[in-house]
Amino acid sequence: MRPRHTLLLRTLVMLSLLGLAGPGAVAKPWWMRGIDSNETDFLPPDVAFRAGARIDGSVLRLRWVMADGYYLYRDKISVAAESPDLVVSAISLPRGVAKTDPYLGTQEIFTQQVEGTMAYRRLDYGAHPMQIKVTYQGCAEAGLCYPPITKVLSPVGAAPPAPSDTSPRWERYAIIGGALAFLIAGFVLRKDRNLPLPAA
């Protein structure tokens, strides 16, 4: 073993024996930076605010489930289309509960769970996987406010409805008529064609 590696190994062993390289030396997660509380006092954002989406006919349903002692701001929830050729309307949410925030003033919040709905339309006829981008922000009652969280969700559920046939009736007749004319012309030309017989 090289001397430099031996020195590094000895240093790590000494630090672990002294307790300096234990869990206390690990940096705090990004959502805990600047907070004086113990990092075990608060849940990671994906545990505190669980988000999911599902397809219900021509409507998307988005649902958040908040852990006890956590809440979401109603005005901080937004949704946008992520996959190509997907069009979504603005999300419709129920009324929240009023809460006076020392920094943001009076805000509407959701606790426990909330479901929002939005209409959608696919212009790609289902060629791409459906994905939406959701952004939301929430806090813990104990005093920690998380930065905005953005996630890309793939809604689950039944396949979206097939797009309605909006082509004009005359267009369909023109296509059928053109195909029939092509077939008739092929038969007429074939009838008048004399093929030479192979020489014996």
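Visitor: How do the residues lining the second largest pocket divide into nonpolar, polar and charged?

Guide: Rolling a probe the size of a water molecule over the atoms shows where empty space is left. In this predicted model, the lining of the second largest pocket divides into 10 nonpolar, 3 polar and 3 charged residues.

Visitor: How much space lies in the second largest pocket?

Guide: The second largest pocket holds about 260 Å³ of space. Its lining is made of 16 residues, and those closest to the centre are Asp101, Tyr103, Cys139, Gly143 and Cys145.

Visitor: Which strand supplies the largest share of that lining?

Guide: Strand E6 does, with 3 residues. At least two lining residues come from each of E3, E6 (97–101) and E10.

Visitor: Now the aromatic rings. How many aromatic pairs are found in the whole structure?

Guide: The search finds 5 aromatic pairs. One of them joins Phe49 and Tyr146, with 5.3 Å from centre to centre and 85° between the planes. Planes over 60 degrees apart count as edge-to-face, and the pair of Phe49 and Tyr146 is edge-to-face.

Visitor: Where do Phe49 and Tyr146 lie?

Guide: Phe49 belongs to strand E1 (residues 49–56), while Tyr146 sits in the loop between strand E10 (138–140) and strand E11 (149–153). The pair therefore ties together parts that are 97 residues apart in sequence.

Visitor: Is Phe49 buried or exposed? And Tyr146, buried or exposed?

Guide: The cut-off for buried is under 20% relative accessible area. Phe49 has 1%, so Phe49 is buried. Tyr146 has 0% relative accessibility and is buried as well.

Visitor: Which aromatic pair do Tyr70 and Tyr146 form, stacked or tilted?

Guide: Tyr70 and Tyr146 form a tilted pair, 6.3 Å centre to centre with 50° between the planes. Tyr70 lies in strand E3 (residues 70–73) and Tyr146 in the loop between E10 and E11, so this pair ties together parts that are 76 residues apart in sequence. Tyr70 is buried, at a relative accessible area of 8%. Through ring pairs, Phe49, Tyr70 and Tyr146 are linked into a cluster.

Visitor: One more residue, Gln107. In which strand does Gln107 lie?

Guide: Gln107 is part of strand E7 (residues 105–111). Its relative accessibility is 14%, and Gln107 counts as buried.

Visitor: Which residues does Gln107 touch, leaving out those up to four places away in sequence?

Guide: With those left out, Gln107 touches Tyr73, Asp75, Val97, Ala98 and Lys99.

Definitions and conventions
Residues numbered from 1 in each chain as written. Predicted model: local features only at pLDDT ≥ 70, side-chain atom pairs only at ≥ 80, totals over all residues. Heavy atoms only, no water. Phe/Tyr/Trp six-rings, centres within 6.5 Å; stacked < 30°, edge-to-face > 60°. Helix = DSSP H or I, 4+ residues; strand = E, 2+ residues; numbered from the N terminus. Buried < 20%, exposed > 50% of the residue type's maximum accessible area, 1.4 Å probe, protein only. Contact = heavy atoms within 4.5 Å. 1 Å grid on protein atoms, 1.4 Å probe; cavity = no way out; pocket = protein on both sides within 12 Å on 5 of 7 lines; lining within 4 Å. Points joined across faces, edges and corners; volume = space filled by probe spheres on them. Nonpolar A, V, L, I, M, F, W, Y, C, P; charged D, E, K, R; others polar.
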